[in-house]
Amino acid sequence: MGFLKAVYELGKVELGSKNKNTESYFSDIDSFLQLPMPVIEDEQRQGREIRIWLNVKDKEAKCLEVTGIAKIDLKDYLNSTDSDEINKTKRKLLYRDPPGASTQWRYSPIYKLGKATTNPNSDLLGRSETWKDDKNSRYYKLYKTVLKPLEDVGVFSRGSADLIISELEKQVNRIAELWKDKKRSYILVFGINDNGNFLYPGELEIFRNHFKSRLELNIGRKMSATCSLCHTNAESGANLDKIFKFSTFDKESFLPGIKDSDGVREKVFPLCDSCISMMSMGREILDGRFLDRQTIPNMNIYVVPELIFGNTNLDDVAVNVENFIKSGLKKSERLFNYLAKQDEVLVYHFLFWEENQAQEQLHLMVEDVPPSRLKRLEKLWQDTFKVLLWNEMQSPEFKPEDMGVDLDQAFKIVYSTLISLSGKDEADKSVMRKRIVNIIGKLLGGKKVDVKFVKQLMVSRFAGLFADPKWIRDGHWKLRQMMAVLEFLNRVNDRR
């Protein structure tokens, strides 16, 4: 529960600051808004919006009657991590990921084109004679998941979806011309031409109402249960799996009676409307500020900070703590070294997970890790490095901070050393990756590591390594790293 409560508190802090200056029509959906693409500050790689200017008879109508496309242009996507700019962009785009990859509708008229391809025309129209015959074409997916569903629910008038896609067919070269930089990701944004001004989805009541109705159908269902977080009697809400996809309860073996159709799943971890809102915002804060993808290859790490005194009023904490919670992880800095430098009024909860197509696979959760533990691990690694890996010829004075000898380096050497002992098959590497994550989790959690198993793993590979002439020639440094890993793990076990 430590992790979940910390996510809840992050959402509560963010919503508290937002609601001070939030327009009334966003107050009940702000926590569910997401960014369609990540924020990339590098100007050479930041995303782009391809904007489709729709002509309509009356932008205030209860059903938009589309008469054509005024123009198609290109605009730079958000490249600032400033929270106000992020919130402004979320409200304009009115975006949220659909519940699943196979969902045949979207919350707003936005379509993810993705990165530019070698043959944009072919990818848009399909490799058949028409896009209608190629289910993998971008136009087919756009029509089926965005345009037609909006027409079916009455946002667009009858025939509007066909009219829009027909116009897009005629202007396929224009879109292909704009969708060309392979370093960037792109989205199609459908908005309204208002006498030469582009109105984004969030600026129109009809799209805001559509977002709310989809949200109510997907998340705000009626139920009768006690909220798992605030313990109030919830008459409507949703299960935790609406926020975290790895929190699913649809497996028949998970609970007895799961086949029961009387809302068994909703009674596993139900959340009331208020808590689901807080958790949704908390998840968005995690994805935007506290997600690390660099430390361990193919592994996502959530780092959730929590004030040990449970105070969510940031006015009462030190400025550096407030800045850390508001700004999150610094992408330019080494993760664990950065975390070790934070104030001791914080503890961290770590969640290791990876994306598996449309699902999220949870590997490990480590709760209540103080910065002092990270400092201690870092010092033990520096002591180990000085004894076994420091080359006095290259650096006569041992300055660990200047040399990058820190906890991030320790975890990376643990990872690279052990992953090199796995087979070449991806399945073997996947098994080894899980073992490595487990070892790092024990280090973070202050638990004893099975060093004997690691030794056995290394020794079992020696026969093959020593028979490899290339490894015999170049493997001396790898052997020293193995020794350093074992020494480090032993020192950690002794200092527990």
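## Helices, sheets and rings

Colleague: Helix α13 and helix α14 pack with their axes 10 Å apart; are they roughly parallel or roughly antiparallel?

Modeller: The two helices, α13 (residues 407-419) and α14, meet at an angle of about 150°. Angles under 35 degrees count as roughly parallel, over 145 as roughly antiparallel, 65 to 115 as roughly perpendicular and the rest as oblique. That makes α13, relative to α14, roughly antiparallel.

Colleague: Before we go on, what kind of model is this, and how are its parts numbered?

Modeller: Residues count from 1 along each chain as its sequence is written, and side-chain values use heavy atoms, with hydrogens and water left out. Local features need pLDDT of at least 70 and side-chain atom pairs count only at pLDDT 80 or more, while totals for chains, interfaces and linings use all residues, since the model is predicted. Helices (H or I, at least four residues) and strands (E, at least two) are DSSP runs, numbered from the N terminus.

Colleague: How many nonpolar residues does the contact of α13 with α14 have?

Modeller: Contact means heavy atoms within 4.5 Å. From α13 come Phe411, Val414, Tyr415, Leu418 and Ile419, and they meet α14 residues including Met432, Ile436, Ile439 and Leu443. Ala, Val, Leu, Ile, Met, Phe, Trp, Tyr, Cys and Pro count as nonpolar, Asp, Glu, Lys and Arg as charged, and the others, Gly among them, as polar. By class, this contact has two charged residues, no polar ones, and a nonpolar count of 11.

Colleague: Helix α11 packs with α17; what word describes α11 relative to α17?

Modeller: Axes are lines fitted to C-alpha atoms, for helices over the stretch in contact, and angles run from 0 to 180 degrees between N-to-C directions. For α11 (residues 371-388) and α17 (residues 476-494), the axes lie 9 Å apart and the angle is about 140°. That makes α11, seen against α17, oblique.

Colleague: Is the crossing of α11 and α17 left-handed or right-handed?

Modeller: A crossing is left-handed if the near helix is turned anticlockwise from the far one by less than a right angle, and right-handed if clockwise. The crossing of α11 and α17 is right-handed. Among the residues making the contact are Leu377, Trp381 and Val387 of α11 and Met483, Phe488 and Arg491 of α17. To return to your question, the handedness is right-handed.

Colleague: How many charged residues are in the contact of α15 with α17?

Modeller: The axes of α15 (residues 451-466) and α17 come within 10 Å and cross at roughly 170°, so α15 and α17 are roughly antiparallel to each other. In α15, Val451, Val454, Lys455, Met458, Phe462 and Leu465 take part, facing α17 residues including Leu479, Leu486 and Asn490. The contact of α15 with α17 divides into 10 nonpolar residues, two polar ones and, for the charged class, one.

Colleague: Which are the edge strands of the four-stranded sheet?

Modeller: Two strands pair if DSSP finds at least two bridges between them. Four strands form an open sheet with antiparallel pairing, in the order β9-β10-β11-β12. Those pairing on one side only are β9 (291-292) and β12 (359-369).

Colleague: What is the bridge partner of Asn300 in β11?

Modeller: Strands β10 (residues 300-307) and β11 (residues 346-356) run antiparallel and are joined by eight bridges. In β11, Asn300 has as its bridge partner Trp353.

Colleague: Which strands of this sheet does α14 touch?

Modeller: Helix α8 (residues 273-289) packs on the sheet and touches β9, β10, β11 and β12, its direction making about 120° with that of β10. Helix α14 (residues 426-445) also packs on the sheet, with its direction at about 20° to that of β12.

Colleague: How many residues apart in sequence are the parts tied together by Phe290 and Phe324?

Modeller: Rings of Phe, Tyr and Trp (its six-membered ring) pair if their centres lie within 6.5 Å; planes under 30 degrees apart count as stacked, over 60 as edge-to-face and the rest as tilted. The structure holds 20 aromatic pairs. In one of them, Phe290 and Phe324 have ring centres 5.8 Å apart and planes at 70°, so the pair is edge-to-face. Phe290 lies in the loop between α8 and β9 and Phe324 in helix α9 (residues 319-327), so the pair ties together parts whose separation in sequence, in residues, is 34.
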